[in-house]
Amino acid sequence: MSSSSRGPGAGARRRRTRCRRCRACVRTECGDCHFCRDMKKFGGPGRMKQSCLLRQCTAPVLPHTAVCLLCGEAGKEDTVEGEEEKFGLSLMECTICNEIVHPGCLKMGKAEGVINAEIPNCWECPRCTQEGRTSKDSGEGPGRRRADNGEEGASLGSGWKLTEEPPLPPPPPRRKGPLPAGPPPEEVPGPPKRKEREAGNEPPTPRKKVKGGRERHLKKKPKPPLASAEGPAVPSPSPQREKLERFKRMCQLLERVPDTSSSSSDSDSDSDSSGTSLSEDEAPGEARNGRRPARGSSGEKENRGGRRAVRPGSGGPLLSWPLGPAPPPRPPQLERHVVRPPPRSPEPDTLPLAAGSDHPLPRAAWLRVFQHLGPRELCVCMRVCRTWSRWCYDKRLWPRMDLSRRKSLTPPMLSGVVRRQPRALDLSWTGVSKKQLMWLLNRLQGLQELVLSGCSWLSVSALGSAPLPALRLLDLRWIEDVKDSQLRELLLPPPDTKPGQTESRGRLQGVAELRLAGLELTDASLRLLLRHAPQLSALDLSHCAHVGDPSVHLLTAPTSPLRETLVHLNLAGCHRLTDHCLPLFRRCPRLRRLDLRSCRQLSPEACARLAAAGPPGPFRCPEEKLLLKDS
């Protein structure tokens, strides 16, 4: 998203994007406006690069790269629930000074600002309100409603009309002197004869030459009869009246609308049709410029060969003599090619040196050296030269990225994560928003491990609408306000799943390790877990207050798919577990680690008896109530 030409600093206007929710954004192109006709999919040349007139967003929003001018952070209104808190953490753009800030970051009172109710995240900041500045002082601002292509909606009418009518040509030059008596004012008068001008009946006046073939049009007009000497004299109209009448008649001829008030003869209509009417093929181009096609062109050949020109809006022909049947119209031919972005240039295989030669080590050898470096050293290497910078973006050098314990995530950080394509991403205890997490997950299709412990459910709910085909580990420990309803939304398959898709059994069907420590889960959530996550080998239910003996019975029941797959089970801190559930763990033959520490109702003697007997082999107890088995 580009800023205005005034610079990227304070006061630079940010170009807004579509909201994708209003009625104009969700509709399709009309296919009739001049922007649609210019598109390649409708047969146009594709030069304007503008959206349909009916699809211009009515409430454009700020781009996702916009940050606060004071603190440098993005909008965080998704992390809170109160209206006042959401307003304080949302980004607001001033219509006067164009500064984007958090209202909570301002030192002066927030009640002094004037909020724009038409456009989201738009207001007049308190500083401009106190100084008495208006939008006229700052010129053009984002508070004015703009189309999503950057043009003002009010400027559409300054050029072409929204209808398909061509612009009217300028009126023809007015002839000096009185009009000859005879023809009614509704008919088009022709020029006076040359002999009469030479005889002195009318003073000769210099005639202005008309561009193109307009003069030939006028010469083909029927000549009006001359007034007799005995006839009554007709008073000549005023010059303004004459100019208005001639302009109206010329507009009628160009628009090909028949004049119902005048009753002209058949010969006049035939001559007018043959001399001044334009065919349907000439209307878009020649009628606007006031020119006729050259003699011998395709338009005249088709008319001579019998093609009938049809008036738009009526079925009758313009020509009165009989002609042959018109051929069927051809369908518009669209250009058959696909427009793709240019391919990215391949990375160099060698390192060019300043002397003009290449380094003897190839790219594969350099990557083996880079694999022994950490993230900090790789960032230093990326600043050496452009070739090393491109090599250090290789995803094999970034198998895991750790962004935990960060207060906020900026757009450059998110772009850097997507460019490196890590297999494991740690976002625990960060202020990531739902919009940022959804943007990341849609671009990290190879992500295998995702850690979101300590984040808010408002952000984690993005997992319900993001595809995660390669995910194997999901960490949701200590997320606030997660109950059965939230976990059901995460485990159930998407509502728009079609038959035959791989997500029909749930989004977490391929997850092998799930960490749900500290959540308020019940047995209803465990039943959904057994149904929609059947391939779990490691399950963490530590410090879940509602997990007890019935929960262990569900996990180890004969119908449970986890009975044969569980290898690691963590139930530490579950105070409802008693000694009666310990024999149930013998049903899991592949169990290698069982953590029962901090379970107050479990006796150490019962745990020792389970370790001695165990599933097919004894366990060892390095700590009290911690059972391990060597593989």
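Tutor: A residue counts as buried under 20% relative accessible area, as exposed over 50%, and as partly exposed in between (1.4 Å probe, protein chains only). On that scale, 39% of the 631 residues of the chain are buried. What you see is a predicted model, so local features need pLDDT of at least 70 and side-chain atom pairs count only at pLDDT 80 or more, while totals for chains, interfaces and linings use all residues. Residues are numbered from 1 along each chain as its sequence is written, and side-chain values use heavy atoms, with hydrogens and water left out.

Contact means heavy atoms within 4.5 Å. Among contacts between residues at least 6 apart in sequence, 64% join residues at least 24 apart.

Now to the empty space. Rolling a probe the size of a water molecule over the atoms shows where empty space is left. On a 1 Å grid over the protein atoms alone, a cavity is a set of points where a 1.4 Å probe fits but cannot get out, while a pocket is an open set with protein on both sides within 12 Å along at least five of seven lines; lining residues have an atom within 4 Å of a point. Points are joined across faces, edges and corners, and a volume is the space filled by probe spheres set on them.

Start with the largest pocket, whose volume is about 1400 Å³. Its lining is made of 40 residues, and Val61, Leu62, Pro63, His64 and Lys435 lie nearest the centre. Helix 3 (83-89), helix 15 (411-420) and helix 16 (434-441) are the elements that give two or more residues to this lining. Helix 16 provides the largest share, five residues. Sorted by class, the pocket lining has 18 nonpolar, ten polar and twelve charged residues. Here Ala, Val, Leu, Ile, Met, Phe, Trp, Tyr, Cys and Pro count as nonpolar, Asp, Glu, Lys and Arg as charged, and the others, Gly among them, as polar.

In the loop between strand 5 and helix 15 you will find Arg405. Arg405 has a positive phi too, near 60 degrees, and is a residue other than glycine. Arg405 counts as exposed because its relative accessibility is 63%.

The largest cavity, with a volume of about 40 Å³, is lined by Trp457, Leu476, Ile479, Val482, Gln486, Leu487, Leu490, Leu516 and Leu519. Eight of these lining residues are nonpolar, one is polar and none is charged. Helix 18 (residues 484-491) gives the largest share, three residues.

Helix 18 also leads us to some neighbours. The buried residues of helix 19 (residues 523-532) pack against helix 18, strand 9 (513-515), strand 10 (538-540) and helix 20 (549-555); those residues are Ser525, Leu526, Leu528, Leu529, Leu530 and His532. Between helix 18 and strand 9, the loop holds Gly506, which counts as buried because its relative accessibility is 1%. Leaving aside neighbours within four places in sequence, Gly506 is in contact with Leu491, Leu492, Pro493 and His532.

The second largest cavity has a volume of about 30 Å³. Its lining is formed by Ala74, Gly75, Lys76, Ser408, Leu409, Gly431 and Gln436, which divide into two nonpolar, four polar and one charged.

Finally, a word on confidence. pLDDT is the predictor's confidence in each residue, from 0 to 100. The chain has a mean pLDDT of 74, with 65% of its residues at 70 or more. Residues 139-169 stay under 50, and residues 257-323 are also below 50. Where pLDDT is low, the predicted coordinates should not be read in detail.

Key
Helices (H or I, at least four residues) and strands (E, at least two) are DSSP runs, numbered from the N terminus.
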